[in-house]
Structures are given as structure tokens and as C-alpha cells.
Amino acid sequence: MDICSFALLAQVPNTISLQQELTPLLQHEWLPHINQRDYHSGSQGGWDVLALRCAEEYHAAHPILQAFSISAANEWDNLPALESSPTLLDFIQSLACPVKSVRFMRLHAGAEIKPHRDQGLSLEQGEARLHLPLQTHDQLYFYVNDQRVPMQAGELWYINADQSHWVANKGSSARINLVIDCKVNSWLRELIHGAKIKA
């Protein structure tokens, strides 16, 4: 069986509205990523996160738990930042698969995420990570399994995070992706298998 490293799933039609909703969220408190071993911060900052959906048990907990806790929870809750963003919420609800965590991940200019794997986070193992870039540029390098993923703003991508992947922001502005972790069901499996780019 061929293992899919990444796949372009869709062009999201309301990207401009999503980008407009991102603007006020930039004023929220974004948390530095706790996995400092796997990234190198640039001169303008490093790698930070804004949680939008988390395990129900952490709904009222510290934002660090909301953003970074690994949970086998069956129940997941939207956080106020997501509830206050109607276009973003509609997009999440349009995904016809069980959605677990949702967060914005920002990689500042000059920062690099070193090669690493997120064990078990792949289509073949029943968990899928989706990326939707909302702020990016041509000097953003995202590689999975030694292949560059040509992400553009407004494109929804599946990433096999169980394979080695790394990111380098060699531009002068931050990259911001919406990152969604899902449970794989027949809808998502068929969407990924039907996508044009496979590896």
C-alpha cells in the first residue's frame, strides 16, 4: 500500500474572510511552542500558537494545556476565540469528520522547525493533520518525507505528520497556518485518496 505523504484537498473559497477574522485574533495572547528542542527561533521570534478548540477537560484550564496537551479525549470543545469567528467556525463545521484540536500556528521570520515526527499522526493510523495557510509566502519551505509541500494561502492540505517533516521561514514576515487534527473516517479517507498530489 502506498503511503500518502501529503495531499492538496481543496481550495477554500472564503479565504479573504478567514484572513480578516485572523486579524483581531493576532491581538490575543499567543503561546510560545513548548517543543523548543525541535525548532530554532529567528531574530524576530520563534514558533507560537493560539488554541481554538481543545479537549473538553481543558476548556477552563490554563491556555498551555488547551494548546499543547496530548489527549485521548472523545469530547472536544470550541474556545471563545473560535466561537467569535463565524467564518472560521463555519469552515470547521463543514469538515465531515470528527474534529479534535484546532489551533493557529505561527512561524516567525527566520525561524525553523527542525526535522521531527509526530508519532501515529497519519491517515494510515486513523489520525489526520490538516493545514490551511492563511498567511504565507514563497520563502516558506515546508518539507515532508524530503519533498517540498507547495502550500499557498487558502489551500487545505493533508500532511502525514508521522513522517519526518521540517519547516523554514526564510522570508521577512510570519507564516500562519490553521492546523486541524481529525479522526479519519470514510469521507476524509476518500478526500485524501482522491486528491491530485500524493507521494
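## Contacts and overall make-up

A contact is a pair of residues with heavy atoms within 4.5 Å, and among contacts in the protein between residues at least 6 apart in sequence, 77% join residues at least 24 apart. This is a predicted model, in which local features need pLDDT of at least 70 and side-chain atom pairs count only at pLDDT 80 or more, while totals for chains, interfaces and linings use all residues. Residues are numbered from 1 along each chain as its sequence is written, and side-chain values use heavy atoms, with hydrogens and water left out.

The protein has five helices and 13 strands, taken as DSSP runs numbered from the N terminus (helices H or I, at least four residues; strands E, at least two). Of its 199 residues, 52% count as buried, where buried means under 20% relative accessible area, exposed over 50%, and partly exposed in between (1.4 Å probe, protein chains only).

## Salt bridges

The whole structure holds six salt bridges, each defined by a side-chain nitrogen of Lys or Arg within 4 Å of a carboxyl oxygen of Asp or Glu. One of them joins Arg106 and Asp48 at 2.9 Å, N to O; Arg106 lies in strand 6 and Asp48 in strand 4, 58 residues apart, and both residues are buried.

Another pairs Asp162 with Arg117 at 3.2 Å, linking two loops across 45 residues; here Asp162 is buried at 11% relative accessible area, whereas Arg117 is partly exposed at 45%.

## A linked network

Arg129 of strand 8 and Asp181 of strand 13 are 52 residues apart, and their side chains meet at 2.8 Å, N to O. Asp118 joins Arg129 and Asp181 in a network of salt bridges.
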